[in-house]
Structure formats: C-alpha cells, structure tokens
Amino acid sequence: MTRRSTLGIRNLTIAAFFGCLVAVQAAAAPPKDDRPPLAILVGKILTCAGEPVTNGTILIKAGKIEALGLRSEITIPPEYQVIDQSSRFAMPGLIEAHSHVGGSGDLNEMVYQTNPELRNWDQVIPHNERLKVALAGGVTTICFIPGSGTNMGGFGALMKTGPGAPEDVILRAPGVLKIAQAGNPERRGGETGSGRMGMNYVVRQQLAEGREYVEKWDAFEDGSGPEPDLDLRLENFKPLFRREIPVVVHTQQYQVIQSTIRMLHDEMKLKVVIDHGTFDSYKLTDELVRRNIPVMAGPRGFLRDRDTGLLMGIVSEYDRRGISILGVNTDAPVIPQEELFFQASMAVRYGWSEERAILGLTIQVAKALMIEDRVGSLEVGKDADILITTGSILDPRHYVTQVFVDGRSVYDVKKDRRRF
Amino acid sequence: MKLAFSIFWGALFAVLAFFWTDSSQARSILYKAAIVHTMTGNPLQPGEVFVQDGKIVAVGKSVVVPSDTKVVDLGDVTLLPGFIDAYSQVGLAGGSDESTREVTPGFSTANVIDWKDVNFREALAEGTTTLAASPGTQNVIAGISCVIKTAGTASMRMIQSDGALLLSLCSDPAQGNRSRSRPDSIYIRQPTNRMGVVWILRSAFDHASRNLPFESGAMIRESLQGKRPVFSVSRTTYDLNSLLALGEEFSFSPVAVGGHEAYKMAPRLSKAKVPVILGPLSTGGGQGPEETEPIWNQAGILSRAGVELALAGGNLLTQARFAHRFGLTRELALKAVTRQPAELLRVADRIGSLAPGLDADLVAFDGDPLEFTTAIRWVMVDGIIYEQQEEGGSNEENDL
Amino acid sequence: MKKTTFRLMLRGACFLLWVGSSLGAQELAIKGGRILTMAGEPIDGGTVLIRDGKITAVGEKLDIPIDAMVIDATGKTIMPGFVESHSSAAMSQSNETNPNVPYLTVMDSIDPMRAYFHDARSNGVTTVAVVPGNATMIGGQGAVIKTGGTFVEDMVLMRNAGVKISLKPLNEASRMGHLAALRLELDQAKKLLDDEDDGPPDPKKEALVSMVGGKIPAFIYCESAMDVAPALQLAADYDLKSILVLGRKCYLAASEIAESGQPVILDSTLVFWETDPRTGSDKKIVLTKIFQEAGVPFTFQVAASTTSTLGNNFLWYQAACAVKYGMPVQKALEAITLLPARILGVDKFVGSLEPGKDADIVILTGDPLLLDTWVETTIVGGKVVYERGKDRKLKRLLNGVNQ
C-alpha cells in the first residue's frame, strides 16, 4: 500500500462544515485584474484546515479562494473558466521557513556583528531559475532571509515564488528578523563574540537599543512622550517589538536553544521561531511548549543519540513531546528548495505522522511566520496558492502537475513540461 | 527661450573665439554635404552647415552666407553631430577609484584628467567628441563626473566640470572589502555585500536629506533635489529595482548606467521615467562583472518600451551600428550617441545636435554612418578638423 | 511552392535523423540568387546544383533535375561557406599544460556540442581549422573540420592539418632558451627523418617528422615582431611548410613577411592605438591596411567568444572592418573563403563554388558585409545545417525571452 492510501481513503467521510453556500465575498478587485475567475474540479482536496474534501470544487476570483466544497454543492457561475483535475489531488502551496534562494547570493555583510539596518528585499529576483524549480516542487511561499555569518544578519522578506515584479511577489517586508546565536557567527578577530557568552551579550545590547527606540516611538504615538529622532538603522525593529513579525533564529543544541528562550522570548518578549533546532535541542520541548514557540526543524533530520546509540528523528521527537507548531525547512540551497516536501517525507520515515507532516509543510509554517491569514490552507478568503498533484506530496513517486499562485496558473506540466 | 539662450552664448563664444583661435584656421566655412543629420528633425538631403569660429551659425538645406565665405563641398559625405559618451573612464589619471572611504560625493574627476591620454585620441578617431569622465564603481557614492571634449585646447575642452553624481548601486563596492581578519585594516568596513551597499546609500541619503551631519551632505542633498543628474551604475534586475525603490524613498530621479538586464524590466523603467545609459554592448561572452547574458537587442527592447536610451562605455559608433542591426531604429541609434547623452548630461545647449549657437562638433562619414564598412573622413571639434583621413580610409600620424 | 516548403521541411527532418551517415543520391538545387562563386564573376539569378554533397554545376541557365530539392534564393546572395583558419574555440581546452606535445591531436578534444558550432553555422562559417592555442611550445596537431555534424569523425576534412608551434616563451623563460629547446626537438625530428629507413619512427615523434619533411604544415605563432625572423629562419632550416599566426605587434615585420611571400593569419584585434614612448605621439595601427600595403595576403582570426567582445567574434565582421579601411570587398570576401582554404591546403574541397567542390554554401539575405544582411541558410556537404527562421538562440538574443 502506498502512503497515499493511508492519507486519503481513511478520510473519505465528507465533511460538511465547509459551508458551500458561503456568501461570495466580493473582494475589491484591483482595477486591472487580468486573472479570469477559475473553477477547479479536484478529486481530493487536502485543505489543511480540517477534513479533506473528496470530489470537490474550488472557485477562485481575483487571486483569492472564493468558495470551496463538494462539487455537488457548488454552482459554477458561467463566466468561470473550468479546469478539470478530477483525477488529481489539490493542496495549499508549500511554505519554506528558511531559504536563501529568493534573490542574489548576498547573504552576509560581515563587518559588524549585528546588522539590523540591512534588508534583503532589495535583492529579490522574482521567479528566478531556482524558484522556478521550487514551484515545480510545490513551494509557493518562502521566507527569504540573510545568512548566519553574523549574529544579526538583517531583516528578511516573505515572498511568493511565482512571477511578477518584486512588489507583486513580496508578501511582507520586513518579514522577519534573522538572528544567529552560535556556530557560524563566532568571531576570531579579537572582538567580544568568539564564544556564546560574548555573542549573546552582543545580540542583547543590540536588541536593547532597538527596544528602547521602539518604546520611545510607542510613547510618542500614544501621546505620552516627545517625538524621537528618526533612526533609519533601527526603524525595522518597530514591527518586531510590536510583535507583528517574528524573529527567526538560527539556533541548535540544548544550551543555545535555552538562550533563545531566555533572551529572545522571555526577556525581549519577541515572537520567536526556532530554525534548525537540531541535535539534542528537542529535550527542551517542554519549555518550548509552555511558551508556544514554533519549531521549524532541519535541514538535518536525525540524530544518533550518544548514550543509547539510537537513531532519533528530530521532528518526530518534537512531535512526540507536544510541539504544536512544527514544520521543516531546507535552508535552501543547502537542500535544494524543490526538495522541501522530502524533508517532511524523511521526518515521516523517522516517525512523524503523515497528516501532521502535510500540515508541517503548509499551515504550521504559515502560523510560525504569522501569515496564516493569507496562506497555508485552502479556505475561503485566503490567497489561491494551490498545488495540483498526482497524489500525496510526501510520496516521492507523486509529483506536482500544476501550481496556482494568487489565482494564476504559474506552472503546468502540460505546457511547461516537468521541471522537477 | 532655450534657443535664444543658445544663440546668445553662440554669439558670445563667437566673439571670444575670435581672439582665441589660431589665425591660420579659416574662421568661416560653409560645409556642403549629401546628408546632414541635425538630430533636431528630419535629415537634410542635401544639407549645409555654416561654421564660424568654432560654432555653428546656421544649418539648412541651403544657407545664405557672406560672399567671401570659404565653401567646402564634401560631396557624398554624411554629417552628424560628434558622439557623446555619457559614461567613460577615459582620461582619469592614477586610477578611477578612491579606496580609503566608501562615500566620496565631493570627489571630482575634473581635477585628475590626463589630457594627453591616448584613449581620448582613440575615442576621437571613432567620432566621439565629448565624454563624461566618470569615477569608477568601487565606492558606493563615487563622486562627480566632468564633461570634456576629446580634442582641442585645454581651456576649451572642459565644458562641464560639475557633471553628474555617480552612485554604484551594484555589487562592485563590496568586492575589495574584507572582514574579521585584521581589525586594524582600512579594508575592514562595510560593504562586504550588496545589502551593505544599499544600506550605505540609504544612510547617506537619509542624513543628507534631513540635514544631519554627513560628509558632503549638502552635495548629496542638492543632487537628490535635481541640481545635477544622479547616475547610478546598476546592471541587474535587482540593482535596477533597488534604484527605483531608492528613487521613490528619497524622491529623486535617477539615470541608470550599465543596465545590462534593463531589458527584462523595460516597461517598469519606462513607467518610472528612468532613462538608461546602456553599455558597453557585447556580441560575445558575458556582459559586465555579473557576466549577464548579452542579449543583442537590449537597446531595441528598451526603446520599444519607451525608455530613453543612450549608449556608452566606449566604441560608440560600433555600438550604435550593432544596436541598429539588432533592432534599434536608425534614428534612435544615432540619437543614442548624440542628442540623448547630451540631454542626460544637461549639455544639450552646447552639443549633441546641429543647430545655430551650438559647438561645431561634427563627424563626416564617407557614406551611411551605420554601415560597418563606412569610414570616418574627419572629426571636427570646436570648428577644427582632426583625424583627417585620405580617400579610402588611410590615416596620417597626427600629433595633437 | 507549399509543396516545396513541405519537402524542404521533410528533408530537414530526415537530415536530423541521418546526420553523419552518408546518404544515397541526394540532389539539391539553389536557384534564383546572386551567386558570388569566388572563382569568377558573380552570376545574377544563377543556379547551383548539388549531388551527393558535391557541387555539380554553377551557372545561369541550368536545368534542375526533377527530383532535386529546391531552395529558392531569389533576391538573396549565395556564397561559399566561410573558412576560419585558426581557432581553439571548438576544443574543450585549448592547450595542455605539458609544453611539448606534438603527438597529440585536437581530434581528441573537439566537442561538437559546444556553442561555437552553432555560432559558426549561424555566421556562415562552414570550415574551421581547429588548432591548439598559443600557450605551449609544440601544442599538438590541428585538424580541418566542417561545422555541420554531431560526431567529429564525420566532420573532419583534413585530419593532420599541421602542428602548432608557439614562439612565445613559456612563463618566465627567455626567448633564447625557448628557441633552443624548440630547435633541439626539430633537430631530433630531422635526424629521424634522415634515418627513416632504420625502421618505424617513434610514434610520439611521427607528427614532428612529417612536419620537418614538409608533409604537413607548421602553424607558427609569433607573439611580437621579433619572433617573425626566427620563424622564417626555422622554416628555412627545417623545410617547414609554415603558416604564420601573428600577434598584433607583428605588423612591424610586415616587409620581412612580404619578402617571404607567404600569406598570414592576423590577430583578432585589427585596429588599435599605440603611443610612442619617446615622443609621446599616438598612432593608429590598422593591421589590414599595413599588410595590404606591404603586399602580404592575409586572413582573419576572431576573438574568443568567452570574452566580452563587440563584432570581432564574427569572421564576416573582420572582413567588413578591412573594407572600412580600404580593402576592396572582393578581396575581403576572398580573405574569408578561398584564401584561408588555400592556406590550409583544402582549396580543392572548399573556398569557392565550383563543380567538384564540397557543397558548403551560405545563403545571405543580401550583399555580404552590409549591416542588415543576415545568414539565412547554411549548407554543409549539401545538407542544410542552419536556417535563420528556426534559430531559437537568435530569437532569444533579439527578443530577450525564451521562445
């Protein structure tokens, strides 16, 4: 039996909770929207927001999902272009939590240890060669971030992988702050910061400066303080300390994650995402669960436990201990961006459940990155980022046949041939 | 208004030039040619250009001149305005980059011109009579270019010492710097990567536009406000996108230089009204430091989208010829090396077209200027003929 | 008409399937164009008849065989395919690091899938002498090949086209040392040649022995003018059939070369400026002009397309440049067809449109060397190997996007 069967046939019960007669939300369409309204007929819809829908229809208008439900219960308006994929699966586009392939290869500005002034959305190359293949692997959104060469590499952007001008594909910029807590950013030139004590000191000082700056502005804006001087270098800290965007932290190993929790979450009160989180970090899961901190694990997926000699799946260990927002990452190009699904497949091989793995490629990542109102599941009102596949994305024998981003078909094996 | 201004200056220069020029040069000559491309309207066929004391006094199908005026009938020759290279590193003595700091807007190339540089001569021989000697791309804000003639007496050659402000919104300034190894080195500084380049520009513009203390802040501020053109060396799509973004953030109107991938976003540049100084074009190998694919018809693609376009970076004549072969119209190919660069450098009241009051900078071609096989008969700067070639394209050794 | 097009396409498809294999009787006629045969006066509205890859007739009023495939070239110009006399661009690497490798052959390094071949066909080049680069003393043996085909054995016209010798000293070596080392090799070869009856020669020396005997040519690269005299001396001392490959500075030795009476291969940079270090005066050097005035016949090289170039990576552009500086058009066209064929010793097969020669033909949209003229069709050995209308690379270069 293939994995597809366990995932699909078990859930044949048709969920009725998707009110198929949902009042069509007339989205205020931009003046020149050349996207035709679409109706996609699908054999099985993995909504990532509840039970799958067998023999369903998805209506798309102005780039958003307009309606979704049983084919028998959705009336397709006559002007809608019908795309028949009734022998296929549909699911939300995959979301990459940690990627460096969204633009030019400028990852690290190495002179200063903290670089909050840097932003990488100036170097976005929409739909570049790597992203074209990523799309064929089902990845429609990536968190494009600076590298971990310094403790604070700069602010990254959340972007779609489809074509368009930078402002069309960027979902949010600043999207996240990138912090690296150990390993790569170690300094050997005599500065403070060759070890973890030093590095944490440096990061803390920088965050404190940023917090003070934002607090002054907050005070000014609610009328309780004078107008502070604008400091372009610290401006991007505003959404961070206002908890509108998270900090994604290159962090792994028990002690380092402990610092992440203590400094970034408890002390600085930031929205924190654990990226990598490998080696023995999973042993801190209780602390993470208590604080509801998401973990985007990988690309290293397993650990041979030194004491027991046992092979441990990193993701399944987190899962077993109860992390609720759990996903995987590729650190592309460390693992090719198009192989994101395979990070989840391997986690399943080590014991993760298939249902949770699907969520860990989609809605869980969206929640971690705080974009779950836009992407990550197929629900009315969300962006129409939809994959059509021959079966479960976790099974390497299946593949993506068509991808929609913002309601536009951007990859179609019938026209483009297979890219992956 | 502009014309009146030009005529005024023309007259003034005519008077001054009377005292300056070598008395052995005939001061008034009427040149008759088969075709005259004035670049202000349709070509004149035939046409006449009346040159007096280094200036153009009259241009037309038939020009009325005093009876004692010397008349030179050039026969089959086609006359064009001298070519203008809006972005060139020719003539910069002792290197084109200042390597101790990243932001050097106050630095001016006007101070370091080697007037005897053989490259002036080479440019002149190919019809380029004016070029903008521009600082290199190792600095984020590199300095001010100057606009100079490729021939003439030193006092006459500098026509604009305060040319354009040059930015390097590209990866180049990050190339020489290192990090971490030796904290005492001057090479340890931002940028070591393109994010740093963008940040240094934003920081400089922010300081300058808010009057905060900053080296040459006033210079930057005035430039952003439009006192002089702002040229930015930007070749890739992301460099050009960043340029548009910075232009919006700090309210200035840039001109993109290099622009090797500009064709990929031609409508966007057109909409933003950002002109492109394209080049150097290439027919083989990668283009520029990024080695981008040398798409042959990038000039034609840009012009079709309505982007104002100049060709630059040396070999202007050959560039114009190939640009036309690959799809740029004849008119725009000629304009891209004459009037357009003059306008972008804001010296169109002196050079770039053939009209009364403008400098007598002319190129005489033995035939169709855009054919590969057509030779240049002579090149004139300020009314003086240089690079005279015999029939059939021979070339005499000729000391300037 | 439609039928003809269809048949043409069909033949094209067949060609793709049958590349490399010799076909049965295959007839082709190119009619209606202006034919520049390079072996007499141009023929307006003439016809070229081709059978089994060879030209059978060229003339004004020829009967086209009933079963011949016909290419209508009305309004177009028909010429012999261009001949490139010296290039390493077809090789995966132009030089070995061992500086003394006369026993190697470029045949082992030619990659028919290199972009060079498409670019050559699209620019009318049908024959190329693939020769090792200038970085080794004795660089190996060159081969003359056709640019149409996918398997090197089917493309080769002349397997042992000559040995490459470079007079440019290696690394830090002196010219004295370099020449001494070279002469030592040639002395040994000469000795082997004289003792030929003593049994089969060392296979590693075979090519050099042939070269010394004048059986195969020597491509001698001269970096500067001072290398020219030694090159001519070597040729005289060892009875070499020499082909001089000149660096740009060699123009200073133009009169010596003229005396020797041999044609040369010019540097790819045809025009450049020099400043006299004593007087400071600048001088424009136009190689074609200097060699033409000295009476030296010459052909061209093109710049390697891996470096950023404008124009001089095309053989036809080099000819146009020569015309710009006073060379008659006919002479310039010869310099990219018949003359290089003669230099390489393959003029029996290529270089002009004459009965009996290989059907290597380029059809141009108009007069060659004009700005708006493009190669429309390239034919090698009677087979269409390039058609502009199907050139996807060209479409991309002109439109900027993948088609």
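Mentor: Across the boundary between the two domains of chain A, 23 residues of domain 1 are in contact with 23 residues of domain 2, contact meaning heavy atoms within 4.5 Å. Please keep in mind that this is a predicted model, in which local features need pLDDT of at least 70 and side-chain atom pairs count only at pLDDT 80 or more, while totals for chains, interfaces and linings use all residues. Residues are numbered from 1 along each chain as its sequence is written, chains are lettered from A and ligands numbered from 1 in the order in which they are written, and side-chain values use heavy atoms, with hydrogens and water left out.

Domain 1 of chain A is made of two segments, 3-92 and 382-416, and domain 2 of chain A covers 94-369; these bounds come from an automatic or database domain assignment. Between the C-alpha centres of the two domains of chain A there are 30 Å. Together, domain 1 and domain 2 of chain A bury about 1,900 Å², and carbon and sulfur atoms give 67% of that area. Buried area here is the accessible area (1.4 Å probe) that two parts lose on being put together, summed over both.

Three salt bridges are counted between domain 1 and domain 2 of chain A, a salt bridge being a side-chain nitrogen of Lys or Arg within 4 Å of a carboxyl oxygen of Asp or Glu. Asp383(A) pairs with Lys160(A) in a salt bridge whose closest N and O atoms are 2.8 Å apart. Four residue pairs, both members at pLDDT 80 or more, are in polar contact between the two domains of chain A. A polar contact is a pair of N or O atoms within 3.5 Å; within protein, one must be able to donate a hydrogen and the other to accept it, and residues adjacent in sequence count only if both atoms are side-chain atoms.

Which elements build the domain 1 side of chain A? Those giving two or more residues to the side that touches domain 2 are α1 (3-8), β4 (81-92), β16 (400-405) and β17 (408-412) of chain A. Of these, β16(A) gives the most, with four residues. Helices (H or I, at least four residues) and strands (E, at least two) are DSSP runs, numbered from the N terminus. By type, the domain 1 side of chain A has 15 nonpolar, two polar and six charged residues; Ala, Val, Leu, Ile, Met, Phe, Trp, Tyr, Cys and Pro count as nonpolar, Asp, Glu, Lys and Arg as charged, and the others, Gly among them, as polar.

Let us step over to the neighbouring chain. The contact between the chains takes 32 residues from chain A and 27 residues from chain B. Chain A and chain B bury about 2,400 Å² between them, with 53% of it on carbon and sulfur atoms. Two salt bridges are counted between these chains, and one joins Arg268(B) to Glu167(A) at 2.7 Å, N to O. The side of chain A that touches chain B divides into 13 nonpolar, nine polar and 10 charged residues.

Most residues other than glycine have a negative phi, and most peptide bonds are trans. The peptide bond from Gly298(A) to Pro299(A) is cis, with omega near 0 degrees, and Pro299(A) is in the loop between β11 (295-297) and β12 (302-304) of chain A. Another cis peptide bond joins Ala332(A) and Pro333(A), with omega about 15 degrees; Pro333(A) is in the loop between β14 (326-328) and α9 (340-349) of chain A. Arg243(A), in the loop between α5 (237-241) and β9 (247-251) of chain A, has a positive phi near 60 degrees. Phe279(A) is not a glycine, yet has a positive phi of about 55 degrees, and its place is the loop between β10 (272-276) and α7 (285-291) of chain A.

Finally, consider Asp319(A) in helix α8 (residues 314-321) of chain A. Asp319(A) has a relative accessible area of 17% and therefore counts as buried, the class under 20%, with exposed over 50% and partly exposed in between (1.4 Å probe, protein chains only). Not counting residues up to four places away in sequence, Asp319(A) touches Leu326(A), Trp352(A) and Arg356(A).
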